[in-house]
Amino acid sequence: GMSNAVNITDGMDGLAGGISAIVAFGLVILCLLAGSEDDAKHYLVPYVATSQELAVVTAALGGACLGFLWWNCSPASVFMGDTGAVCLGGMLGYVAVVIRQEFVLLVMSGVFIVEIASVMMQVSYFKATKGKRIFRCAPYHWHLRMGGWPEQRIVARFWILTVILVAVGLATLKLR
């Protein structure tokens, strides 16, 4: 599911890559907490003995996304495509399953979830009503673009939302 959500989100210069980098760095923190017995006990997360090594892989994923953004920011000269987006989503989902923080990943990946939900709603409604639409176009970022928002504004605002969602996701650790 996360693979498909990242793939659906890919389509504007820097959108999926930037959001993936932010979520990956949030997962790095979770991996480090889960890999320390004392921190895992303090934050009430399951202790996973080798997750600190997984933090290195996740940090490399986030760093690779940042490096990719150098060439993918508008106007893009390099594109991610389905292969890159599916891989990013799969890796984010895999890390969350290994450290047993799937719910926190869903919170941190709220933009991805809204994007895939908008497609599911549009397709379902279109089929049920034989041609009517909820959005101008799905996924939601294209609905905003067709509404007159510039691409850079959409990307920047979705990045800001993701930073907030990652902070909320990490804050849920102390709320337990």
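Predicted model: local features only at pLDDT ≥ 70, side-chain atom pairs only at ≥ 80, totals over all residues.
Q: Is Arg176 buried, exposed or partly exposed?
A: The relative accessibility of Arg176 is 44%. Buried requires a value under 20% and exposed a value over 50%. Because 44% falls in between, Arg176 counts as partly exposed.

Q: Which residues does Arg176 touch, not counting residues up to four places away in sequence?
A: A contact requires heavy atoms within 4.5 Å. Once residues up to four places away in sequence are set aside, the residues touched by Arg176 are Tyr43, Leu44, Val45, Gln101 and Val104.

Q: How many Å apart in space are Arg176 and Ala21, C-alpha to C-alpha?
A: In sequence, Arg176 and Ala21 are separated by 155 residues. In space, the separation of Arg176 and Ala21 from C-alpha to C-alpha is 26 Å.

Q: Why is the pair of Phe135 and Tyr140 edge-to-face?
A: The count of aromatic pairs comes to one. In that pair, the ring centres of Phe135 and Tyr140 lie 5.8 Å apart, and the ring planes stand at 70 degrees. Planes over 60 degrees apart count as edge-to-face. The geometry of Phe135 and Tyr140 is therefore edge-to-face, given the plane angle of 70 degrees.

Q: At what distance from the ring centre does Arg157 lie over the face of Trp149?
A: The ring of Trp149 also has the charged end of Arg153 over it, 6.0 Å from its centre. For Arg157, which lies over the face of Trp149, the distance to the ring centre is 5.3 Å.

Q: How many disulfides does the structure hold?
A: Two cysteine sulfur atoms must lie within 2.5 Å to count as a disulfide. Cys31 is in no disulfide, as the nearest cysteine sulfur, that of Cys65, is 15 Å away. Cys31 is also buried, at a relative accessible area of 0%. For the structure, the number of disulfides is zero.

Q: What distance separates the end C-alpha atoms of helix H2?
A: Helix H2 covers residues 15-34, and its 20 residues should span 28 Å at 1.5 Å a residue. H2 is mostly covered, with 17 of its 20 residues buried.

Q: Which helices do the buried residues of H7 pack against?
A: Helix H7, residues 110-128, reaches 26 Å from first to last C-alpha, close to the 27 Å expected for 19 residues. Its buried residues include Phe112, Glu115 and Gln122. The helices that these buried residues of H7 pack against are H1, H2, H5, H6, H8 and H9.

Q: Which residue's backbone oxygen lies 2.8 Å from a polar atom of the side chain of Thr9?
A: Thr9 is in helix H1 and is buried, with a relative accessible area of 0%. Not counting residues up to four places away in sequence, Thr9 touches Leu15, Ala16, Ile19, Phe112, Glu115 and His141. The backbone oxygen at 2.8 Å from a polar atom of the Thr9 side chain belongs to Ala5.

Note on methods: Residues numbered from 1 in each chain as written. Heavy atoms only, no water. Buried < 20%, exposed > 50% of the residue type's maximum accessible area, 1.4 Å probe, protein only. Phe/Tyr/Trp six-rings, centres within 6.5 Å; stacked < 30°, edge-to-face > 60°. Lys NZ or Arg CZ within 6 Å of the ring centre and 35° of its normal. Helix = DSSP H or I, 4+ residues; strand = E, 2+ residues; numbered from the N terminus. Expected span 1.5 Å × (residues − 1). Polar contact = N/O pair within 3.5 Å; in protein donor to acceptor, adjacent residues only side chain to side chain.
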